[in-house]
Every structure is written in structure tokens, then in C-alpha cells.
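Visitor: I am new here and would like a friendly tour. Could you show me what we are looking at?

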Amino acid sequence: MAAIQGTLPLTYTRIKRGCKRKMTEQENGDGGASTVPEGGEELRTFDALGLSPERLAAVEAEGWTDPTPIQRKAIPSAIQGKDVVGIAQTGTGKTGAFILPSLERIEAGKGLQLLVLCPTRELAQQVAEDARALARGSTLRAEFVVGGVGYGPQTEAFRAGYEIIAATPGRFNDHMGQGKVDLGNLRVLVLDEADRMLDMGFRPQIEEVLQRSPRTRQTMLFSATMPDGVHALALRVTRDPVWVQAAPGTTTAEGITERVYPVKPEKKPDLLLHLLGETGWDQVLVFTRTKAGADTLKGRLDRAGIQADVMHGDREMRHRTRALDRFASGSVRVLVATDVAQRGLDVEGISHVVNYDVPLDPDDYVHRIGRTARAGAAGTAVTFVAAEDFGRLKSIERLVGRSLDRVHLAEFDFGGAPTSEEEQARKAAARHARSSKGMGSRDPGELSPEELDALLRP
Ligand code: AMP
């Protein structure tokens, strides 16, 4: 983990569409009898959070000068062993918020005591690496346990009693099923990106881990969004938790310039090549909706002589790791990815994020663009919008609470954003199509991604 100076950008925190629920004062730590520190002046330094000299030295070695808001709020309570529910996404410093206090509560030589379950391999690896960095100066050992790679080193980590494991639930359960895992000494269980784990269908594996881990454990649950399912899980698995939120009510990501390019679908590759010709497009992360789309685009970039790599769920772990390494080290300029790379991808210096395809779920827009402007740097997020994507763009704008700047380039544009008459005509046509598909007469922005998909299908 590289040293980073300065404060982190505030990133989006929101409640998933259709599952809106407001945090109570006590939940967000801003009132009532909550024990959550207010993050007042006295807690603005790491010194004030109750960390040991060893951890303070590790934090300093990381180059972290001040705790981020989520760290200020979570660490003092978590050090005391209190359960924590955090609404925070990657980029807010949440990993430090759960690793640092956990490190104060575990001891070398006592077997597995900190288990972090993560939705993706990349995130698990990142968490294990962060844990190693922050455990600097101790003999605590950390390993990541994920699918797609050999069992050998993972089995060895369990056998040798590594104190810290960051794992994806599927592979962790495989090891558990083979009787290799002793959860008897587990002190802290962290469910990281809980919303994503549930979306990915990991509930049975999570339940199994919960059932097998000691009742006396401390539990921390972090989630970028708090739909009802995650909220219910949080209430069930934690005891009298402290609720913390990364940036209550924040709907802008500081440091990110956002632009929308209306484009004819067939002109998307040319538009991307055009933009890559502009200055400053140094490290570019491009999101496509499908794996095939990612491969095709990579081919196109190759033919144009642009160094690019591709990362999606069909690629083996070692290829994904290699693609990420090459991108992070700057030996390839463009990484084309599907949403597999969206979270847990912690690369510093991404100058541009390109939504080559508009994401189906507006939440994904927020997660994707959060990959740029990391740790206080500036970044640009551009979104290619074809005529048929305007409904989705509206949903995104509603979610982020502002309209995004349009840039019209005549060469690529499909003829400008729809005029109000065109918009009226499109809406009328959509209403007609919807009524024939039994969707009533709702605006596209009110439809779920699945409904929209069905609607847009020819
Ligand atoms: P996370 O939200 O845990 O994925 O962290 C995002 C990035 O911020 C990582 O690169 C961390 O190393 C970095 N980071 C975490 N805490 C701090 C801090 N207090 N000061 C500066 N950078 C930090």
C-alpha cells in the first residue's frame, strides 16, 4: 500500500433506490445516546483515537497524516470491542477503520482471530495487503483466501494459524467444509461490502460462518448502501452496534469532474480513441457492460496501437491480477473492465474513468466513478450516452442530485440531446411499449434496471 498524504475525497453514500430508509440520529452517530464520537477537534488526529504506539507508527509509515471521517467515528468504539455498522464505500478509508482497531484486539500466536469476508478476490487481496501494512512491527500474519487460485498456500495459512484472513465466502467455506478452519478463537468478524455479497448470492456461506463463529465475537458490517436486506442482516448479526456513516448526505465526489458525451453507439470506439488523443488521459479505466464488449474494445485499442488490458469475471485470477498490476504500474494505459473491477480496485492515479456503456443500475455509476480522484487527487469521469440511454442517465442524475454536463462533439453525436419534442415523442412511444408490456405508464427513471432492460429489448 503506497503512502498517501492528505485527506480523502468524500465519496457517495446513499440508500439504494426503492429501499430508501433514513438513518436515525442514533444510527448515524450524530445524536441521542450514541457512543459514537462526534469527530470533534480532539479526534482529528490518529493519536486521539486510542491506538497503540505500534499502530501509530504503522499509520505514519503509510503516510496517513489524519484519520478519515469513518476512521474517526469507528475506531474509538471498535477498539473497545463494540460492534460497528458502517455505511461507507471503498475510497473512504473504511479498511483502516476496521483493520486498525482489530489489530489492537488480537494477539500473535493465537490462531485465526480476525476474519474479513469480502465479495471479490481483488478486495480480499487488498484487505490482506492493508492488514499486513498496518500490522507492521508485529508478528501478526495475514493471508487472502480466494477462488481461482491453488489451495496450497491457503491451507498452509490455516495450518500455521495465521491471525488474519481476508476471504471470499465461497472459497472460505470450501476450506471450512474440509475441516481446515478453526474459528474457536475468532475475535473479530468483518462483513465488508455486505450489500455486494448479498447481491452476489453469498448469503448461505455467510450464514454458515456466522453459525460457526463464537457468540462472543465482535462483528463489524460495512456496506456502501443499506437496502432492507442488508439492514436486517446488520441488526441480526450485531449487538447494540455503533452506526457510522462515511459522509452523511454527501452526493458529490470532490475532485471528480463529470461529463456526458452523447454518442451514436457505432461511434463509441472512435470517440474513445479521440479522447485518448487528448492530453492528460494517462491512466484510463473503461467500463463496458459485457465481457464480450470488453474483449472487443480491447481488440480495437490494440489495433489502434494503444496499450490496453482487460479484466472481467471470465478471466482467471492470475490474468486479472496481472492486468491490474500492469495497469497500476503504468505499463498499460487503458484497462477495460466489467463491473467486476468496480469495487476493491484501489489504484492510485487513475486520471479518467469512462462509462463506455451506461450502467444498468445507477448505484454502479457512483461506484465506478469513485475509482478516480482517489485520496484527494483530481479525476475525470465521462459517460457515453446513446439516444436510448437517456432514461438511465436521468436515473443517475436523480440519484446524484444534479445534472451532468453534456459535451457535444458533432462527429460522434447522435444529433444532440433529444429536444423536448423528441423527448415527448420518445416518452409517448415508451408509454405505448410499456403498456403493451404491462408496465403501466411510469417514467423510465422509476423502473428497475430489469424492467428497463425488458422495455428496451427489441
Ligand atoms: P479504502 O476506503 O479502505 O479502500 O481506502 C482508500 C484509500 O485511501 C487506500 O489507498 C488507503 O490506503 C487510503 N487511506 C486510508 N486511510 C487513509 C488516511 N487516513 N489518510 C490517507 N489515505 C488513507
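Guide: The protein chain holds 16 helices and 14 strands, where helices (H or I, at least four residues) and strands (E, at least two) are DSSP runs numbered from the N terminus. This is a predicted model, in which local features need pLDDT of at least 70 and side-chain atom pairs count only at pLDDT 80 or more, while totals for chains, interfaces and linings use all residues. Residues are numbered from 1 along each chain as its sequence is written.

Visitor: What makes E193 buried?

Guide: A residue is buried if 20 or more other C-beta atoms, placed from the backbone, lie within 10 Å of its own, exposed if 12 or fewer, and partly exposed in between. E193 has 27 such atoms within 10 Å, so E193 is buried. E193 sits in the loop between β5 (188-191) and α7 (194-199), and its phi is near 50°, a positive value in a residue other than glycine.

Visitor: And D240, is that residue buried or exposed?

Guide: D240 has 7 other C-beta atoms within 10 Å, so D240 is exposed. D240 belongs to the loop between α9 (228-237) and β7 (242-245). Its phi, near 45°, is again a positive value in a residue other than glycine.

Visitor: Why is A133 called partly exposed?

Guide: A133 has 18 C-beta neighbours inside 10 Å, so A133 counts as partly exposed. A133 lies in helix α4 (residues 121-134). Its C-alpha atom is separated by 7.1 Å from that of A58, 75 residues apart along the chain.

Visitor: Why are α3 and α4 called oblique to each other?

Guide: The axes of helix α3 (residues 94-103) and α4 cross at roughly 50° and come within 10 Å. Axes are lines fitted to C-alpha atoms, for helices over the stretch in contact, with angles from 0 to 180 degrees between N-to-C directions. Angles under 35 degrees count as roughly parallel, over 145 as roughly antiparallel, 65 to 115 as roughly perpendicular and the rest as oblique. α3 and α4 are therefore oblique.

Visitor: Which residues make this contact?

Guide: T95, G96, I99, L100 and L103 of α3 meet V127, D130, A131 and L134 of α4; residues are in contact if their C-beta atoms, placed from the backbone, lie within 7 Å.

Visitor: What about α6 and α8, why are they oblique?

Guide: Helix α6 (residues 169-177) and helix α8 (residues 203-212) have axes that come within 9 Å and cross at roughly 50°, and they are therefore oblique to each other too. In α6, P169, G170, F172, N173 and M176 meet Q205, I206, E208, V209 and R212 in α8.

Visitor: How do you know that helix α13 is mostly covered?

Guide: Seven of the eight residues of α13 (residues 362-369) are buried. Those are P362, D363, Y365, V366, H367, R368 and I369. They pack against β8 (256-262), β9 (284-287), β12 (352-355), β13 (379-385) and α14 (390-400).

Visitor: What is in the largest nonpolar core?

Guide: A nonpolar core is a set of buried Ala, Val, Leu, Ile, Met, Phe, Trp, Tyr and Cys residues joined through C-beta atoms within 7 Å. The largest has 69 residues, and L115, L117, A124, A131, I165, A166 and A167 have the most contacts inside it. Helix α4 gives the most to this core, with six residues. Apart from it lies another core, of 41 residues, among them L271, A337, V354 and I369.

Methods
Two residues are in contact if their C-beta atoms, placed from the backbone, lie within 7 Å.
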